[in-house]
Amino acid sequence: MTLASHTPYTTAKGQLSCDLVVVGAGVVGLWIARLARQAGLETLVLEKRSPGAGASGGLLGALMPHMPERWNPKKQFQFEALACLGDEVRKLEDETGMTCGYRRCGRLLPLVKPHHRGLSEERSAQVQTVWHTAESGFMWRLVDAPFTDGWPDAASMPHGLVHETLAARISPRRYLEALRASAADTLIEREGFQRLDAATGAVVTGAGRTIAAGHTIIAAGVESFTLLGAMLSRPSSQLGSAVKGQAALLQADIGDDLPLIFTDGLYVVPHEDGKVAVGSTSETRFADESNTDAQLEALIDSAGTMCPRLRDAPVLERWAGVRPKAVGRDPMIGAVPGHRNATVATGGFKITFGIAHKMAACALEVALDGRCDALPESFRIETHLQKAGLHPG
Ligand SMILES: Cc1cc2nc3c(=O)[nH]c(=O)nc-3n(C[C@H](O)[C@H](O)[C@H](O)COP(=O)(O)OP(=O)(O)OC[C@H]3O[C@@H](n4cnc5c(N)ncnc54)[C@H](O)[C@@H]3O)c2cc1C
């Protein structure tokens, strides 16, 4: 990538010009913009709706580590990301004067079936090594009583409870607001990326404008697959899919320092100001990506059974969105084959909030240097394309 080193955004002919165009103002795109600015790149973020209009504008904000068994580069990548996120958020808060509702609250995992106990004991030993407990202090311990009365209800943990201390939570919307503030003057809202001009590599927007960009990073969440499909002349379904999720925000003054709880697809995440998020459905077939339905009501009921303090708590908001799931299931990052000035960063699926800062750093490194050695093999776009039976080209 050739740096235009602080060229003005508008050329003498009135055309926009910059080093980097980022497509999409979700958590990944805004992190890329933040890091690009820090690196001194003239950056523009194109957002076809508004920041947070995609999956990042949700309610849950659980930052949960992978299980410690069968440790691999993907799990290591996420571990490192979760371990440093608190510091990154603090820097963002100091810089913007805003708060993101981050807390390393830990996580409770009720043990529902007899074999969960033995499995959790094994995991307790594995964690010592892969989470570097001696240095990091992150622990995984088995306990026989609820964390505190009714959190969770004793009946929901017949074989005990795991309490691990690496998991955290963040307020998705406040985090996004702070990221947006840190990248404010780079953002163009309600004007989407349409395509790259084949001859010049310039960005053509939905409004018909062209932007002379040194490089373009596609971070458009689920819609990245459509954009990428058009660039590779492939159907988007070969590159990734949308998995719908529904969540709710309850009002329940339970204390915002309690650990989040996760069991069998049900998340209960205490946030600040007496708010508790409950989620999430995981739907591969759906008619409407933004409506909520009886599946969410069932989750709210289950949360009330597991945590009696949430029974009858008023529901402040119900929300649904679609998560980007790449064909290889892991995040998809890399130079778009056949397009020397384009990179993609998407597919964070259910763990994006914990790793977006590292996904962004890798995507930027690919854009600037053509490679990123820190990228796990399974995240590379070439790996995804091979899994889909497509030749990377
Ligand atoms: C119910 C639910 C609960 C979840 N809970 C968690 C959780 O607890 N923890 C966690 O880590 N993750 C969670 N996720 C997943 C997480 O929200 C997503 O993986 C993440 O937000 C994806 O971020 P993104 O930046 O890749 O995409 P998005 O946030 O979807 O952002 C993409 C942006 O690109 C814009 N865009 C699209 N096309 C164009 C275009 N052509 N031009 C310009 N802009 C465009 C969109 O408008 C959008 O704003 C949850 C998801 C759901 C649905």
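I looked up the surface of the protein chain, which exposes about 16600 Å², with carbon and sulfur atoms supplying 49% of it; the areas come from the Shrake-Rupley method with a 1.4 Å probe. I note that this is a predicted model, in which local features need pLDDT of at least 70, side-chain atom pairs count only at pLDDT 80 or more, and totals for chains, interfaces and linings use all residues. Residues are numbered from 1 along each chain as its sequence is written, and side-chain values use heavy atoms, with hydrogens and water left out.

I next looked up burial: 54% of the 393 residues count as buried, meaning under 20% relative accessible area with a 1.4 Å probe, protein chains only.

For secondary structure, I found nine helices and 18 strands (DSSP runs: H or I of at least four residues for helices, E of at least two for strands). The radius of gyration is 21 Å, close to the 21 Å that the globule rule gives for 393 residues, so the chain is as compact as a globular protein of that length. This radius is taken over C-alpha atoms, and the rule is 2.2 Å times the number of residues to the power 0.38. The C-alpha atoms fill a box of roughly 70 × 40 × 40 Å along the principal axes.

Finally, I examined contacts, defined by heavy atoms within 4.5 Å. Among those between residues at least 6 apart in sequence, 72% join residues at least 24 apart.

Terms used
Buried means under 20% relative accessible area, exposed over 50%, partly exposed in between (1.4 Å probe, protein chains only).
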